[in-house]
Amino acid sequence: MSDELRQSWLRKNPESCYIVKHGDKVVAFFHLLPLNHETLMDFMNGKIRGWEIDAENVETFEPGKAVECLAIIASEPDVDATTRKHYVRVLIRGLTNELGKLGRRGVILSKVYATSETPTGIAMALHVGMEQFGKKLGKRLTFVLDPTTSESFLVDEYKNGLHEWKKAKPL
């Protein structure tokens with residue numbers, strides 16, 4: 001995916017990307033990209049690829065609005081494995097805090113989807129509690145996480161935040 005494409009997504013939803021920097025360089029990023037259902041399912045079923053997702057298909061995060069998201073994670077490939085793991089740990093720690101903020105604002109994450117064809121990406125998806133979704137697409141596996149029922153550490157802060165929002169919401 002080009003920088004231009006990712007920037008168009010950010011113009012539509014500036015809260016959809018989380019980054020880790022080392023100095024001035026972005027060394028890891030996580031897109032939590034809310035998409036309309038049809039586009040998301042086309043991606044998950046292999047009908048389109050990420051570079052074909054136009055910004056017009058990106059949703060916004062709004063209180064009380066349920067959204068389905070595509071998770072995209074990447075880290076600096078030109079460093080050793082230990083350094084990459086460190087970057088990703090920092091990213092995940094920050095992401096869990098940001099998910100808590102989304103929950104406290106009342107953003108309803110109904111499902112989070114991801115794909116991977118690398119052993120590291122597949123292991124990471126399983127480690128954070130994602131379940132396999134749909135058919136294998138060549139070497140690419142597909143995953144889904146339901147934040148409302150998941151026991152994943154990744155969504156604990158989100159669920160706590162959403163619970164706070166629901167309690168504070170007037171009837």
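**View 1. Strand E6 is enclosed by the rest of the predicted model.** Five of the five residues of strand E6, residues 141-145, are buried, so the strand is largely enclosed by the rest of the structure; buried means under 20% relative accessible area, with exposed over 50% and partly exposed in between, for a 1.4 Å probe and protein chains only. Strands (E, at least two residues) and helices (H or I, at least four residues) are DSSP runs numbered from the N terminus. In a regular strand, side chains alternate between the two faces of the sheet. Both faces of E6 are covered, with Leu141, Phe143 and Leu145 buried on one side and Thr142 and Val144 buried on the other. This is a predicted model, in which local features need pLDDT of at least 70 and side-chain atom pairs count only at pLDDT 80 or more, while totals for chains, interfaces and linings use all residues. Residues are numbered from 1 along each chain as its sequence is written, and side-chain values use heavy atoms, with hydrogens and water left out.

View 2. Strand E4 (residues 108-116) runs antiparallel to E6 and is joined to it by five bridges, where two strands pair if DSSP finds at least two bridges between them. Within this pairing, threonine 115 has threonine 142 of E6 as its bridge partner. Strand E5 (residues 131-132) also pairs with E6 in the antiparallel sense, over two bridges, and the partner of glutamate 131 in E6 is valine 144.

**View 3. Threonine 142 lies within strand E6****.** Threonine 142 has 1% relative accessibility and therefore counts as buried. Leaving aside neighbours within four places in sequence, threonine 142 is in contact with Met44, Ala114, Thr115, Glu131, Gln132, Phe133, Gly134, Lys135 and Leu137, contact meaning heavy atoms within 4.5 Å.

**View 4. The chain as a whole gives the context for the close-ups.** The chain has five helices and six strands, and from the N terminus on its elements run α-β-β-α-β-α-β-α-β-β-α. The radius of gyration of the chain is 16 Å, close to the 16 Å that the globule rule gives for 171 residues, so the chain is as compact as a globular protein of that length; the radius is taken over C-alpha atoms, and the rule is 2.2 Å times the number of residues to the power 0.38. Buried residues make up 43% of the 171 residues in the chain.
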